Amino acid sequence: MIKREFFERDAEVVARELLGKILMRNLNGKIMKAKIVETEAYYNEKDPASRACKNGDLKETMKMKGGNILVYGVHANWLMNIVTGNEGKAEAVLLRALEPLNFKAKTSGPGLLCKALGIDKGFHKKEIPNDELWLEDSKEKFEIIAGKRIGVKKDLSRNLRFYIKENKWVSRK
DNA sequence: AGGAAGATCTACT
DNA sequence: GTAGATCTTCCTA
């Protein structure tokens, strides 16, 4: 089981290391397992993307200590993030795509994976790990590709999207 | 109270 | 490839 302290580091580092990890979800007594195959890093300071850099609850949540779950609602979808860095840092990592291991569902997109795992606003501001959601380590080796973030209107000139090479569940090539 | 924007998805061509 | 639906949150009056 991955401890909360795992997330108390730079968002980009956490985003890279999250790839290949196994996301565990206890949904009504059934354990769902899914491998993380795509992530994006978000920085509040100087990050023009999204309303997370504006005032409000999202900004406050991103400033919390690493390991808190942040659920962002947009376009009729819930997107799941995990806050990274120490308290006051305002960073987070978005989970963009998973590979289902012991169930069948579409998880090749940030909105889809939340729907598949039953993630909604109820997880907002919860710590990970918790009773219903946690992460397990993996020894698998693979190649990581870095690229520009998807769907963002004003992106930074940095590669903050990471995904596993040649994985069919990645949301976009 | 109302409006607009937004890190999306689906369906159709 | 593009258009349209969809809904939460934040901003303004």
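Author: We can begin with DNA strand C: of its atoms within 4 Å of the protein, 76% belong to sugar or phosphate and the rest to bases. This is a predicted model, in which local features need pLDDT of at least 70 and side-chain atom pairs count only at pLDDT 80 or more, while totals for chains, interfaces and linings use all residues. Residues are numbered from 1 along each chain as its sequence is written, chains are lettered from A and ligands numbered from 1 in the order in which they are written, and side-chain values use heavy atoms, with hydrogens and water left out.

Reader: Which residues are around DNA strand C?

Author: A residue is near a strand if one of its heavy atoms lies within 4 Å of it. Around DNA strand C these are Arg 51, Asn 55, Gly 56, Asp 57, Leu 58, His 75, Ala 76, Trp 78 and Lys 121. They divide into three nonpolar, three polar and three charged residues. Here Ala, Val, Leu, Ile, Met, Phe, Trp, Tyr, Cys and Pro count as nonpolar, Asp, Glu, Lys and Arg as charged, and the others, Gly among them, as polar.

Reader: Which atom of Asp 57 lies 2.8 Å from a phosphate oxygen of DNA strand C?

Author: A polar contact is a pair of N or O atoms within 3.5 Å; within protein, one must be able to donate a hydrogen and the other to accept it, and residues adjacent in sequence count only if both atoms are side-chain atoms. Asp 57 uses a backbone N or O atom. Lys 121 instead has a side-chain N or O atom 2.4 Å from a phosphate oxygen of DNA strand C.

Reader: How many residues surround DNA strand B?

Author: There are 20, and the closest are Ser 50, Val 74, Asn 81, Gly 111 and Gly 151. Sugar and phosphate make up 50% of the atoms of DNA strand B within 4 Å of the protein. By class, this surface has ten nonpolar, seven polar and three charged residues. A side-chain N or O atom of Asn 81 is 2.3 Å from a base nitrogen of DNA strand B.

Reader: Is α3 mostly covered or uncovered?

Author: Buried means under 20% relative accessible area, exposed over 50%, and partly exposed in between, with a 1.4 Å probe and protein chains only. α3 is mostly covered, with six of its eight residues buried: Pro 110, Gly 111, Leu 113, Cys 114, Ala 116 and Leu 117. They pack against β1 (22-27), β2 (30-43), β4 and β5, where contact means heavy atoms within 4.5 Å. Just after α3, Gly 118 takes a positive phi of about 70°.

Reader: Why does Ile 128 count as buried?

Author: Ile 128 is buried because its relative accessible area is 1%. This residue lies in the loop between α3 (110-117) and β6 (133-136). Leaving aside residues up to four places away in sequence, its contacts include Arg 4, Phe 7, Gly 67 and Trp 134. The C-alpha atoms of Ile 128 and Gly 67 are separated by 5.4 Å, although the two are 61 residues apart along the chain.

Notes: Helix = DSSP H or I, 4+ residues; strand = E, 2+ residues; numbered from the N terminus.
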